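Subject: Structure handover

Hi,

Here is the structure I promised to pass on to you. Please have a look at it first; my notes on what I found follow below.

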Amino acid sequence: MRKFKGGRGRSVDLVAEARADAERRHAHPQADAGPRARRGAAPTAARPAHTGALLGVLLVLGLVAFPIVSVVIGPASRERIEGYACAVTGCTGPGMATAGWLLITVPFLYVVTAVAFWSRLPGRARTAVAVVAAPLVLGAYLFIPSRRRDLDDLLDGPARYATATGITWAWAGLALALLALLVVAVLADTRKTVPAERRRSVPAERGKAALPPVWAPLVAAGACLAMLGVALGRADPVPVNAELAFPERTFTVAGDTLTRTSADDQRGCAGVLDDDERLAGCVRTVRGSWTTDDSDAVVRLAAVLFPTEDAARERRGPLRSGTAQAGLDGDTADVVSTSKSWVLFVSVGHADGRAIDRADRGHLMWAASQVVYRFIGHQVGLLVAPTPKDGIGPRTP
């Protein structure tokens with residue numbers, strides 16, 4: 001019994017000691033308990049701050065780098081973008097207006113969507129979103145005019161005015177979208193200020209509703225699409241089809257009247273030359289035939305459009321001036337030239353296909369020159385008549 005009692009007494013002593021030790025700990029907490037807890041919680045709290053700081057640094061670097069990059073790669077990049085858009089759309093007015101609208105609108109809608117869903121994205125996804133946004137925003141930045149250069153100076157190619165129209169109305173769409181987003185934000189903030197117990201009593205007609213994040217990109221897209229409709233209605237037609245490239249049935253130069261006998265156009269340039277690979281990369285082809293009352297000359301023009309001027313010059317380089325169009329009968333005088341993004345093939349001969357004498361060559365080439373000058377004039381908007389020289393002139397002065 002004494003052993004049992006001794007054990008019991010020992011147990012009682014241990015309980016008392018544990019209680020006393022607990023009281024001491026409560027009265028004098030360990031000095032390192034707070035720092036230890038703080039050290040354990042610090043990484044979790046620092047991770048969002050670290051991500052925000054990184055994005056802030058990237059934003060500052062982007063603001064500094066964009067002007068520098070635009071100066072270094074701006075001209076070449078703009079030419080490539082316009083050339084790609086021309087190749088995809090066929091350089092038509094509505095197509096290039098849409099391309100110009102997309103250049104500004106797509107980066108804007110991307111940024112609006114990213115901001116709307118930013119808080120729901122994981123850390124790695126945020127970095128990926130920021131990386132993708134950089135080239136999109138830079139592409140739009142390249143087409144922002146400055147004090148020294150207006151929008152027309154930044155654009156080139158046969159459809160530059162249609163592209164400028166699309167870009168201009170895209171900026172109008174951005175302004176309308178920002179206004180709409182501001183209204184949405186005000187309505188959402190007003191909804192938040194209403195106490196929870198009173199939200200059911202707020203009249204529905206006041207429009208104070210809590211909106212999900214998807215509403216921001218939807219509202220912005222609706223405003224931008226409205227301006228796209230305006231841009232398509234105001235885009236200038238581009239003379240890349242037969243109806244616009246050859247609008248006149250007849251025209252007269254230096255007393256010589258030429259009459260158009262046929263005209264057509266096509267995507268690509270199949271059949272212009274015997275080997276289609278010599279014109280690889282072409283966009284469109286317009287063709288026409290003319291006769292003249294000054295002689296029995298027949299002029300055939302095939303104008304091949306390329307996405308850029310450099311591409312046109314590259315394809316023109318290996319072609320000798322006497323390269324004839326495919327499918328022509330009889331003897332012809334053939335000339336190959338370039339005008340902006342066009343490679344021009346003009347062939348002229350007698351109506352009956354007989355051989356061309358040296359005495360006839362001058363007035364035959366005169367008829368061909370009139371057709372080429374007329375085509376280029378409709379492209380640039382300035383009709384200029386050729387001047388007789390070097391033995392090339394009208395048959396009847």
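Let me start with Asp-352, which is exposed at a relative accessible area of 54% (exposed means over 50%, buried under 20% and partly exposed in between, with a 1.4 Å probe and protein chains only). Asp-352 forms a salt bridge with Arg-354, and their closest N and O atoms are 3.0 Å apart. By salt bridge I mean a side-chain nitrogen of Lys or Arg within 4 Å of a carboxyl oxygen of Asp or Glu. Arg-354 itself is partly exposed, at 37% relative accessibility.

Before going further, two notes on how to read this. The model is predicted, so local features need pLDDT of at least 70 and side-chain atom pairs count only at pLDDT 80 or more, while totals for chains, interfaces and linings use all residues. Residues are numbered from 1 along each chain as its sequence is written, and side-chain values use heavy atoms, with hydrogens and water left out.

Now the sheet. It is open, with 6 strands in the order β1-β2-β3-β4-β6-β5 and antiparallel pairing. Strands (E, at least two residues) and helices (H or I, at least four) are DSSP runs numbered from the N terminus, and two strands pair if DSSP finds at least two bridges between them. The edge strands, each pairing on one side only, are β1 (250-253) and β5 (333-339). On average, neighbouring strands of this sheet are turned by 25° against each other, direction ignored. Axes here are lines fitted to C-alpha atoms, for helices over the stretch in contact, and angles between N-to-C directions run from 0 to 180 degrees.

Strand β3 (residues 284-292) is largely enclosed by the rest of the structure, because 8 of its 9 residues are buried. Its antiparallel partners are β2 (residues 256-267), joined to β3 by 9 bridges, and β4 (residues 297-305), joined to β3 by 8 bridges. A hairpin through 4 residues connects β3 to β4. At the β4 side, Arg-284 stands opposite Leu-305.

Asp-265 also forms a salt bridge with Arg-284, with the closest N and O atoms 3.1 Å apart. This pair links distant parts of the chain, as Asp-265 in β2 and Arg-284 in β3 are 19 residues apart. Arg-284 is buried, with a relative accessible area of 10%, whereas Asp-265 is partly exposed at 32%.

Two helices are worth a look alongside the sheet. Helix α10 (residues 358-380) lies across β1, β2, β3, β4, β5 and β6, running at about 150° to β6. In helix α9 (residues 309-316), Glu-309 and Arg-313 are 4 residues apart, about one turn of the helix. They form a salt bridge whose closest N and O atoms are 3.6 Å apart, and a network of salt bridges links Glu-309, Asp-310, Arg-313 and Lys-340. In total, the count comes to 7 salt bridges.

Arg-120 is exposed, at 61% relative accessibility. Arg-120 and Pro-213 are 93 residues apart in sequence and 9.9 Å apart in space, C-alpha to C-alpha.

Best wishes

Technical notes
Contact means heavy atoms within 4.5 Å.
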